[in-house]
Amino acid sequence: MSQRAASPQTFRLQGVSCAGCVKKIESALNEVAGVEEARVNLGDKTLLVHGPVNAQACIRAVESAGYGAEVAQASARELREQQREEEHRHYRHLLWRAGIALGLGVPLMVWGLITGEMGVHSSVQQFAWGTVGLVTLGVLMFCGGHFFSGAWRALLHHSATMDTLVALGTGTAWLFSMLVVLLPQLLPESARHVYFEASAMIIGLINLGQALEVRARGKTSAAVEKLLELQDTSARVIRSGKEVDIPIAQVQVGDRLRVRPGEKIPVDGRVVDGESLVDESMLTGEPVPVSKAAGDALSAGTLNKNGSLVLSAEKVGAETRLSQIIEMVKNAQSSRVPIARLADTISAIFVPTVMVIAVAAALIWYNFGPDPKVAHMLVVLTSVLIIACPCALGLATPMSVMVGVGKGAENGVLVRNGKALQQATDLDTLVVDKTGTLTEGAPKLTDIESEGDEDELLQRLANLESHSEHPLAEAIVTAAKAKNLPLGEVNNFEAITAHGVRGDVDGKTILLGNRKLIQREGIETGPWPEKAEALAAQGRTAMYAAVDGAMAGVIAVADPVRHDAQAAVKRLQELGLRIEMLTGDNKATAEAVARQLGIEHVHADLLPEDKETIVADLQKGGARVGMAGDGINDAPALARADVGFAMGAGTDVAIESADVTLMRSSLHGVADAVELSRATLRNIKQNLFGAFIYNTLGIPIAAGVLYPITGMLLSPVIAGAAMAFSSVTVVSNANRLRLFRPSQDSAKSNGGDA
Amino acid sequence: MESVLINFLGLAAIACTLWWFWLAPKQQKSQAAEASETLEILVKDGVYEPEWVRVAAGKETLLHFRREDTSPCAEWVLFPDLEVSAQLAVDKVTQVKIPAADAGEYPFHCQMQMYRGTLVAE
Ligand SMILES: [Cu+2]
């Protein structure tokens with residue numbers, strides 16, 4: 001294989017671990033003819049070679065230096081494009097074969113229908129049909145040769161495929177007809193009939209059916225293609241102050257990349273300079289663009305809207321989240337669904353069974369059927385063989401899963417495999433981790449009531465709390481920052497365990513904490529406890545503030561309920577799911593949230609390990625339990641549940657371990673996932689039903705059970721057409737799933753009550 | 001005479017089919033080919049060749065599939081027990097990563113289960 005390329009070539013290296021290796025390899029390559037520059041990247045273990053060089057020579061050079069190398073695989077997108085091209089070529093090829101075979105078969109059939117002369121009763125007819133037979137043989141070889149060669153090879157391996165059936169069916173028809181032509185005297189007068197048109201038509205129709213199938217299949221993978229299109233082909237890298245466009249495959253970890261407005265983020269990275277809004281809806285389904293500034297993470301494939309960003313590449317190539325999503329979707333698309341097991345078992349033994357049935361039916365016709373026995377025997381044999389091909393059965397589940405999983409990805413629902421998809425359809429209980437799923441996950445300042453100026457108090461408290469590590473403190477500081485209140489000096493800061501904090505701000509002593517703190521300091525509480533209790537009843541955490549030994553006010557902090565949680569809970573309940581809330585928070589807070597959302601079952605004050613126990617207990621009670629959580633501390637419960645929904649796609653670990661990963665934190669995603677899996681399973685059942693019906697009815701009809709009623713046998717040509725179009729029907733029905741929409745467009749419902 | 005012949009041929013065909021597809025194929029494990037860098041599993045004409053592939057148990061392995069069959073059935077190869085699947089490009093080698101597996105036999109096949117092979121982990 002000699003491969004010369006002017007553009008730089010990339011190799012993957014093996015065994016490279018240190019700077020010494022890099023030197024050795026680079027110097028080994030500089031000996032290779034044509035190498036202009038060779039650069040090893042230790043980080044991602046790649047070698048980049050510039051210049052017109054032979055790839056094999058480079059690999060040999062690396063090997064002689066004691067390491068391993070291989071040509072880096074083309075990007076997934078390139079592979080996909082090649083695949084498409086190949087598919088298109090295959091499609092045209094099939095159409096040609098179909099056209100030629102039908103071009104012979106149709107006129108022959110018309111001749112037979114008009115003149116009724118398909119028999120061999122004279123030497124002229126013998127000669128004429130002999131010629132037609134040879135032409136037919138040519139067509140069979142040219143348009144259907146692959147069936148015969150495939151059948152033969154499979155036969156040698158003790159296996160039987162659809163090629164076997166097609167080859168046997170058409171071959172039998174042709175051989176019999178040739179026998180009629182060559183030795184008509186062997187057969188009774190009534191059986192001297194040729195079936196060349198059937199052979200040609202069947203080959204033509206099956207090729208046509210496959211062509212249509214190839215085309216429809218192309219559509220089923222549309223979702224992955226869309227994801228692949230999100231990957232950019234080039235990136236603008238900043239090297240020694242200059243900006244250069246380079247192919248995406250050459251971007252390395254640590255490179256600084258410029259992304260201008262309207263461009264896609266090329267790799268995963270972190271903003272180092274600039275500010276912009278980034279549309280992440282293609283990955284998360286979240287419609288609102290997210291604002292990004294220095295330090296924020298960016299995902300490959302998302303769209304930079306309005307500002308110019310400089311980012312530092314952190315993950316490239318197959319490591320990016322987008323690539324992992326694509327990989328996961330592809331894997332899920334081709335995984336099995338438990339419901340397919342029956343179809344699997346059947347298709348595995350199907351073809352030989354059909355061959356036996358065909359011969360048995362033919363013998364019955366020969367022994368017990370009406371005249372012309374030989375002709376009937378042949379028609380039955382051919383028709384059964386042809387109609388019975390189980391390809392529709394084999395396609396029934398994979399096609400639906402392919403479309404369903406892809407559709408999920410479009411909606412920010414990543415399903416790990418077909419099993420998860422099926423189990424998600426019949427969940428009856430959903431346990432939900434409160435924090436981060438039902439609520440925002442970050443406490444916010446909700447109330448501030450004071451004796452004097454609210455802002456003044458807030459400023460002082462924020463000042464004080466800027467020294468505290470407590471999560472509630474952050475809420476206060478954030479609220480002050482939002483009001484542009486300046487933060488100043490704090491002296492004598494002291495954290496009083498289990499009570500609160502104390503410090504001097506602007507020459508005043510500030511106290512912030514619970515009631516115990518106020519009582520300990522002997523401060524008169526006045527009417528404040530009532531207010532604090534009212535706030536606590538609403539699920540908020542109230543704190544007392546005192547300035548210079550006198551009560552100054554009460555402030556409350558709460559983890560606010562997500563704006564779309566209520567609608568999502570309602571939607572899930574309408575889908576027939578009982579919702580149970582899990583939380584480590586105290587009972588009052590938990591119940592306040594549950595009341596607000598219409599959730600009846602609450603488990604509060606939980607330790608992380610309790611969550612798993614609750615899931616297990618529910619399962620023992622016969623419930624089919626789904627668990628929604630944010631994937632890290634909920635991991636054991638997520639794993640225990642029948643279906644674990646990891647929310648928010650936070651970590652790559654979550655993507656790998658959860659049954660379903662939701663790319664955004666909204667509970668609507670769970671509802672989308674349940675609806676989608678139900679729609680997919682319904683589609684699979686339609687397909688399986690269709691395919692089963694087709695085979696279970698098709699075979700007896702082809703075997704002639706309707707003969708007593710209709711007085712006719714199923715023509716092999718009709719059998720061929722039915723077989724060819726059965727899989728087209730299945731694939732088309734699966735494609736209908738592409739029209740699936742979640743019942744509620746959460747993009748719209750977001751606007752209302754935010 | 002003629003009817004005896006035809007009936008005999010028919011029954012013989014049934015017997016041969018049953019024997020050839022179900023009873024005969026049981027003795028091929030010994031011919032399993034060792035998976036390696038250079039072993040290409042050819043996907044062509046309805047079969048995987050070799051159809052028995054041996055890999056080391058408990059170790060991740062790369063299999064190299066070369067698909068020369070354009071028929072849609074051959075497009076995917078699935079290892080259902082290992083939850084592995086791959087889309088095979090036509091006329092190219094596609095690498096399929098097999099995760100570490102316990103010793104045992106793992107069937108692999110196409111979507112329609114017509115192409116069939118077995119992975120033997122030892
Ligand atoms: Cu078929």
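The structure is a predicted model, in which local features need pLDDT of at least 70 and side-chain atom pairs count only at pLDDT 80 or more, while totals for chains, interfaces and linings use all residues. Residues are numbered from 1 along each chain as its sequence is written, chains are lettered from A and ligands numbered from 1 in the order in which they are written, and side-chain values use heavy atoms, with hydrogens and water left out.

Chain A contributes 51 residues to the contact and chain B contributes 45 residues, where contact means heavy atoms within 4.5 Å. The area buried between the two chains is about 4300 Å², and carbon and sulfur atoms give 58% of this area. Buried area is the accessible area (1.4 Å probe) that two parts lose on being put together, summed over both. On the side of chain B, F21(B), Q111(B) and M114(B) supply 16% of the area that this chain buries against chain A, more than any other three residues.

Between chain B and chain A, the count is one salt bridge, defined as a side-chain nitrogen of Lys or Arg within 4 Å of a carboxyl oxygen of Asp or Glu. This bridge is formed by the side chains of R153(A) and E49(B), at 3.1 Å from N to O. In chain B, α1 (2–23), β3 (47–49), β6 (76–79) and β7 (84–87) each supply at least two residues of the side that touches chain A. Helices (H or I, at least four residues) and strands (E, at least two) are DSSP runs, numbered from the N terminus. The largest share of this side of chain B, 13 residues, comes from α1(B). By type, the residues of the side of chain B that touches chain A comprise 21 nonpolar, 14 polar and 10 charged; Ala, Val, Leu, Ile, Met, Phe, Trp, Tyr, Cys and Pro count as nonpolar, Asp, Glu, Lys and Arg as charged, and the others, Gly among them, as polar. E49(B) is also joined to P50(B) by a cis peptide bond, with omega about 0 degrees. P50(B) lies in the loop between β3 and β4 (52–55) of chain B.

Over all chains, the count comes to 23 salt bridges. One of them pairs D426(A) with R624(A), whose closest N and O atoms are 4.0 Å apart. This pair links distant parts of the chain, 198 residues apart: D426(A) is in the loop between α13 (418–423) and β17 (429–433), and R624(A) is in the loop between α21 (608–620) and β26 (625–629).

Chain A has an open sheet of six strands in the order β8-β7-β9-β15-β10-β13, with antiparallel pairing; two strands pair if DSSP finds at least two bridges between them. Strands β8 (242–247) and β13 (297–298) stand at the edges with a single partner strand each, so one side of each is left without a neighbour in the sheet. Within this sheet, four bridges join β9 (residues 256–259) to β15 (residues 309–315), and R256(A) has S312(A) as its bridge partner in β15(A).

Three strands of chain A form an open sheet in the order β12-β11-β14, again with antiparallel pairing. Its edge strands are β12 (290–292) and β14 (303–304), each of which pairs on one side only. Three bridges join β11 (residues 276–279) to β12(A), where K292(A) is the bridge partner of S276(A).
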